[in-house]
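These are my notebook entries on what I looked up in this structure. I set them down in the order in which I took up each topic.

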Amino acid sequence: MARDEALDGDAERSDVDMDIIAATYRTLSDATAFDTMVLAWERKLAGSTGGDANALDMNSGLAKHLGAAKSLIGRIERPQQESPVEAAVSSVAAPAIVLNPAGIVAAANALAKDRFASRQGQVDALEWLHPSSVNDFAAVRRSARDGGNRKHAIVRTVNAGAETGIAEVYVIDGVSGGERYVAIRALEIVWSEEVDEQLAEAFGLTEAERKVARLLFETRNSAQIAERRDTSTQTVRTQIKKILAKTETTSQVDLIRMLALLSARASHGLTSDEDDWRDPWNNERVFVRPDGRKLAYSWTGARNGRPVLVVHGLTLGYIMGPRIERQLKAVNIKLIAITRPGCGNSDASPPGRYLADHAAAITQLLTKLALKNVPSIGLASGSLPLIKAAVDNPDLIRSILTVAMPLPLNAAHLGRLSRFQRTTFTLSRRAPEVANMIAEAGYFIIKRKGIEWYIDRGWDRPSGNWASQTIDNAEIWPMIRNSALLTFSAGPKEFMREVRMAWADVGKDISRLQCALHNLQGLGNRGYDADDAALVDAMSAGSMTEEVPDAGYFLPYEKPDLFLEHIIKIANE
């Protein structure tokens, strides 16, 4: 009997392993297989004999196939984008942005930075829109918001140099099909590296001459070219004459026509990557840490206002939304946001020093800015290094307000999370290489499906487990997308290091805190439990948890007025 049961157990484990292998390979062509793969890993974890802290046993065949799958994922070219929002900006080789009906930038490609001067997550001031096209643009925007009939328009654009152009404006559906957005694409021929190469190979243009040719193509103005190249107009004219001679064109008009033809041929069928994450406040500064690594930070509100530090977390970034940011200026508060190591434009932490290095980065930023006794905000996992920094340097941080601070990762806590979160957290401890492989596969699918695919799995959006229906509002999706992009700018390895940090025992740090710790926890956050919160509060005399109904993990976006009230309170204390 015992032997038969053992054989049955071996057969069951073999079946699970085969399911894992099959689903892992299928994720490369079928995104739905990712959920099957996670379910199979959940079954394997449930059938293992070790506890949550023990390494997961894997046979050599499974390990070999997983290694091969991970290697294959790394070699596959970027898949075609399927998210309507991200496809609108990545499927063309021209500047493109997507706005929600409120005018907040939901997505932008790398070419849009100069053409539209738009920052993802912030309200677009529409400075690129020519006054003659305001009514046409407004009609399309109304259609996205209210379901009108005007779904497309051609509008005139204008840049800072008063040069005009044209762009198409049209309505697109969001990921779920319920919300609608406005896409704007410049209708212009864009210079590419291939044009640069052709000018060098076919006509022997020097690097300086190719740069002048490109600027002539883009500006049609010798004075502007001279200004951009920091030289005289006469020098530019001399260079243009040489270019005319080498290309055997008789005038600048003929030269520009030839350049346009080359650019049109080169750009046929090209696409543009979605823009890398950029600071939505447009105030980013970067300094060098003592060991030579870069650390970025930014700010919003009143330039010389009372400082409040904010530390972003996993998929909960520091962008607060236009309304809060305007109010901060009105009440004379300067919100200073660190970009944690490995995210955005901050260099990553050394191996084995993740939590300690993130805490050190906070200390170094405050020291750089000559700030002491500063009230601070920790968002989700960003609370952990903030608490450690406050313990290590108690004179720097006066008080801590946290939102969705991670509670102890015990069996009960894991059981409340979504399947994706539960399995990923467990594997990050028991089988780190497996967790890394799952993260690689997830990143591959995000490139095809968009950030929303990750949000859906992390918080079970399709099954209706969100704390508030306001999360489905397109008004706040751009802020959530910007936060997610900040997280994913780090790459899958850094993402998993952040996940593993949640296992850190911060109980000793909390018990040593000398400042007040106020924890905002949305009752809809599946990671929250009142008993666990009480244990945390018992660790420190200054710790207190405040439960917030009708809110969850994304509380700052769901309850912006409440969040702003707490920011003002800690600044005034």
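Entry 1, strands. The model I am reading is predicted. I looked up strand β1, residues 96–99, and strand β2, residues 105–108, and found them paired in the antiparallel sense over three bridges. Within this pair, I noted that L99 of the chain stands opposite V105 in β2. I then turned to the hairpin that β1 and β2 form, where five residues lie between the strands. In that hairpin, G103 takes a positive phi near 90°.

Which residues of α22 are buried? In this helix, which spans residues 530–539, I recorded D532, A533, V536 and D537 as buried. Viewed down the axis of α22, the buried residues fall within an arc of 140°, so they line one face of the helix. As a check on the spacing, I recalled that an α-helix has 3.6 residues a turn, so residues three or four places apart point the same way. On the other side of α22 I found D531, L535 and A538 exposed.

I next asked what the buried residues of α22 pack against.

I noted a volume of about 1,200 Å³ for the largest pocket. Its lining comprises 38 residues, and those nearest its centre are D114, R115, N159, E188 and E218. The elements that give two or more residues to this lining are α5 (112–116), β4 (164–173), α8 (207–219) and α9 (222–228).

The largest cavity holds about 420 Å³ of space. It is lined by 29 residues, and L314, L417, Q421, F425 and Y553 are the closest to its centre. I then traced the lining of the largest cavity to its helices: α16 (419–430), α18 (451–459) and α20 (492–501) each supply at least two residues. Of the elements, α16 gives the most to this lining, with four residues.

Notes: Residues numbered from 1 in each chain as written. Predicted model: local features only at pLDDT ≥ 70, side-chain atom pairs only at ≥ 80, totals over all residues. Heavy atoms only, no water. Pairing = 2+ DSSP bridges. Buried < 20%, exposed > 50% of the residue type's maximum accessible area, 1.4 Å probe, protein only. Arc of directions from axis to C-beta. Contact = heavy atoms within 4.5 Å. 1 Å grid on protein atoms, 1.4 Å probe; cavity = no way out; pocket = protein on both sides within 12 Å on 5 of 7 lines; lining within 4 Å. Points joined across faces, edges and corners; volume = space filled by probe spheres on them.
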